[in-house]
Amino acid sequence: MAGMPGMSGLRVLDLSEQVSGAYCARLLATAGAQVTLVEPTAGSGLRSKPPLLTALNPTRSAAFEYLSAWKRGVALDWDSEHGFGALGRLLDHADVVVTSMAAPQALAFDRRVRSERPALVHVSATAYGLTGPWAGWRSSELTDWASGGYLYITGDPLREPLQGAGPWTSYVAGITAAVGAMAALHARRATGRGQLVDVGTMEAMASSHQWSLVMWSHQGRIKHRANNRHAEAHHPVSLMEVSDGWVCIGAPTTAQWTNLCIALELPEMADDPRYATSGLRFDAAEEIDARFAPFLMSRTRSEVVALLQDSHVPASAVLSMDEVQEDEQLEARAFWAYPEHLASGAKMPGLPFVLPSSPRQFRAAPELGADTRVVLTEVGINDSDMESLWESGVIGLNGTAHG
Amino acid sequence: MVEGMLSGVRVVEFGYAWAGPLVGRTMGDLGADVIKVEQDSARGGHVPDDPVLLAALDDWRRGEQVEPTLRASVYPEGQPGAEPWNRSGIYNKHNRNKRGLCADLKSPSGKRIWRRLVEASDVIVDNFSPRGSKSLGIDYETVKRWNPRIISVSCTGYGHSGPFRQRVSYGPVLEAHSGATSVTGYLDGGPMKMGHAFPDPIGGLHGAFAVLAALWERDETGQGCFVDLSQLQTYTAVAGELVLETSVQGQPPTRGNRSRDGSLQGVYRCRDESPDARESMDMWIAITIEDDDAWMRFKDLVGDKRLNDSRFESEAGRLEHHDELDALISKWTRDRDRFELAARLQAAEITALPVMTNGDLVESEHLRDRGFIVEWDQPGVGIYEYGGSPIHFSDWGPAEMRPAPQLGGDNRQICEELGFSDAEIADFVADGTLIDTPPVGSRR
């Protein structure tokens, strides 16, 4: 089927003002699609989302700067009839539109835009999805951790459940939505029709458990928190303290266990029948950790990791976010992008992986309305219509809205 | 009308554990023909000689384990049965909508089968180490000579290049390396890992996206490609704004369950449950109060006069007295049912959700209404419930759910499709190339 338009031929509109939709669109952009962020003339809500770079003047959102890289920016208030007309022109030229509207609005929007454009793929990324009894419920980053089941299983069993440090549930929904977008495009090649792709963070996260759900359906057991250890069956798959911080060691197999004991200069533990199976090791976790401690506490993270990796035992230092940025592996693989316009030394993940269609050069997040004129011209809006949109305050050009 | 969204696409998956199988499963849910290729020891049996493969190979589907090791496989009702390699709940959950080929790819016959399979396929997915895929002969350099249209997506921990390319890893190890563990934790605590190996599903989902984008691109170029996906990178990518923040103004401190946007929020203890004699469960609710209006609604609903204190009127005041408010809120939630409480709060337009346990998810009225909880009749296991596809398509679906393959369960059918004669297939079985039971061995 050679000769069909490839990734660079895909036109994506990002109307989402949430992390999930924004990451979905970013992923499409990193795969080579041409993605346009369409935000209100007052700016996307993501422009004020923490973490805020308060060291900069003016303050900027690290979330927006990261999530909007490789996107063009149009400032357009499409809630008015005049503005919706302009959005319609953009939609006429789009393959995919990504939204994060609440259920009733998303469904109304879907009917309105897809009835006239049957080939359009509409990707909706919301907290609970567009149907079901919780579809209208409110959400936050914290409740997203709660809804998908990760909150209950993370943290100390004797304390309250613990959230992750970022909106990673929304990222999972965003990747899932990007998979849905591409699948719907592939289906369109056969049918000629687009469709609505409905992704909820709750389900995307419920789908991202290793064995929690089958543990209930197959055995009726609740999965509990286990601090920094494995919760059910293995030891060590855990964080362990060393002289200058923590390492994560994973040695569930007997071969790894044997190699671990030898590397830690405790070969007698490898032959000890009390630790012969992973289950026995799991039950003896406290005792094992106590026996490992003197060796580990006399070595640094990098010493322990080198020793264990040389013995084919999975292990890494717990790196700080500062240290990650100096990591030689990520550096060697040219993983970083450098948004130098923000600050000298500013650094963030670039392409998550490289496809033949991926953009070669970094493109920073757009200033508000930076590409409005170019993009609207592309879809056939002429100068006088542009002037009229600007006069009525519907569009923003280069960071300014009229009036 | 298409049968599946990806009908006509064939994916060969060499997945162990979670990330690789998730790529295959996602493609299978979407209607691709996914063939999972396994070695005889992948689901149990003797110890392979190659220590690198050993470090990488799936460990959890082994027959001869005793409790609590046995828990790792999640057999139905805890019973491994006569063929434990076909009964692991985890395996069957990760490998639905696939066919199974179990073959010795290093034997001369195995190499013939492998070459024909490559010629007849669109995508190869693996999550072996670079050395492991080379030693099996499934690496891109080998397969592209037979099929230049092949797309090879290799989901390693660290990637195929760089100084750490030969490192071995599991999800929690990559999580530690990414920096995410160091920022997650209680207000007063050290680093904390996630309750599951979170880099695995994040790597696997990115991998499925990579497959779909590479297939799309191939329709223009006619050429396949190699995608070198590092799960360390895909996991660091979801912490992108934290990396950027750190590079500009330093690493943020751990923040427990606190917000970064001025919301008052927390996870509060509710009435415990004891579903049976075996265990008592601590139950919780997550509540987020975003602004002054939400605070007014919340304190009206709670009706505790102490919340009327003027110190709590402003956002700044609430954040200053967060601990005190947490204690007051906990008193109110402590003896209440988490589901009833969440419904009351949501009805009053206050953001709240029960902290869902694994049991809550399977029994969830919301997820069932959306058709997310599915069941299938797994041969040798019976009918059990599983999580379904998280993607809902208006024009297609719900995704069909076909059981996970038995070890080598589709050997004959696949070899027939590849054009091998009955006599050849009989030889493959006789010479040990095609296998459907794991070797009996000493692996513990």
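The numbered points below go from the overall layout to the contact between the chains and then to local features.

1. The model under review is predicted. Chain A is divided into domain 1, covering 7-208 + 336-401, and domain 2, covering 237-319. The C-alpha centres of these two domains of chain A lie 43 Å apart. In chain B, domain 1 takes in 10-238 + 367-430, and domain 2 takes in 264-357. Here the C-alpha centres of the two domains lie 41 Å apart.

2. Chain B as a whole. Chain B contains 19 helices and 14 strands. Along the principal axes, its C-alpha atoms fill a box of roughly 85 × 55 × 50 Å. Of the 444 residues in chain B, 59% are buried. Among the contacts in chain B with a separation of 6 or more, 68% are between residues 24 or more positions apart.

3. The contact between the chains. Chain A contributes 140 residues to the contact and chain B contributes 142 residues. On the side of chain A that touches chain B, helix α7 (residues 168-191) of chain A gives the most, with 16 residues. That side of chain A comprises 79 nonpolar, 46 polar and 15 charged residues.

4. Strand β8 (residues 196-200) of chain A and strand β14 (residues 391-393) of chain B run antiparallel and are joined by three bridges. Within this pairing, Val199(A) stands opposite Ile391(B) of β14(B).

5. The largest nonpolar core. In soluble globular proteins, nonpolar side chains tend to be buried together. The largest nonpolar core of this model has 252 residues, and those touching the most other members are Cys24(A), Leu28(A), Ala181(A), Val247(A), Phe209(B) and Val211(B). Helix α7(A) gives the most to this core, with 14 residues. What is Ala181(A) in contact with, leaving aside its neighbours within four places in sequence? The residues are Cys24(A), Leu28(A), Val96(A), Val121(A), Val123(A) and Val197(A).

6. The parallel sheet of chain B. Six strands of chain B form an open sheet with parallel pairing, in the order β3-β2-β1-β4-β5-β6. Its edge strands, β3 (99-102) and β6 (225-230) of chain B, each pair on one side only. From one strand to the next, the twist averages 20 degrees. Helix α9 (residues 199-221) of chain B packs on the sheet and touches β4 (123-126), β5 (151-156) and β6 of chain B. The direction of α9(B) makes about 165 degrees with that of β5(B). Strand β2 (residues 33-38) of chain B is joined to β3(B) by four bridges in the parallel sense, and Glu38(B) has Cys102(B) in β3(B) as its bridge partner.

7. Helix α1 of chain B. Is this helix enclosed or open to the outside? Helix α1 (residues 19-29) of chain B is largely enclosed by the rest of the structure, because eleven of its eleven residues are buried. The buried residues include Arg25(B) and Asp29(B). After α1(B) comes Gly31(B), which has a positive phi near 105 degrees.

8. Leu418(B). This residue is in the loop between α18 (411-417) and α19 (422-430) of chain B. Not counting residues up to four places away in sequence, Leu418(B) touches Ile113(B), Arg116(B), Leu117(B) and Ala120(B). Pro398(B) is 20 residues from Leu418(B) in sequence and 30 Å from it in space, C-alpha to C-alpha.

9. Backbone features of chain A. Most residues other than glycine have a negative phi, and most peptide bonds are trans. The bond from Pro50(A) to Pro51(A) is cis, with omega near 0 degrees; Pro51(A) lies in the loop between β2 (34-39) and β3 (52-53) of chain A. A cis peptide bond also joins Asn57(A) and Pro58(A), with Pro58(A) in the loop between β3 and β4 (60-61) of chain A.

10. Positive phi values in chain A. Trp70(A), although not a glycine, has a positive phi of about 70 degrees. Trp70(A) is placed in the loop between α2 (62-67) and β5 (71-76) of chain A, and counts as buried because it has 26 C-beta neighbours inside 10 Å. Glu265(A), also not a glycine, has a positive phi of about 60 degrees. Glu265(A) lies in the loop between α10 (254-263) and α11 (267-271) of chain A, and counts as exposed because it has 11 C-beta neighbours inside 10 Å.

Conventions:
Residues numbered from 1 in each chain as written. Chains lettered and ligands numbered in written order. Predicted model: local features only at pLDDT ≥ 70, side-chain atom pairs only at ≥ 80, totals over all residues. Domains from an automatic or database assignment. Contact = placed C-beta atoms within 7 Å. Helix = DSSP H or I, 4+ residues; strand = E, 2+ residues; numbered from the N terminus. Nonpolar A, V, L, I, M, F, W, Y, C, P; charged D, E, K, R; others polar. Pairing = 2+ DSSP bridges. Core = buried A, V, L, I, M, F, W, Y, C linked by C-beta atoms within 7 Å. Buried ≥ 20, exposed ≤ 12 C-beta atoms within 10 Å, placed from the backbone. Axes fitted to C-alpha atoms, helices over the stretch in contact; angles between N-to-C directions.
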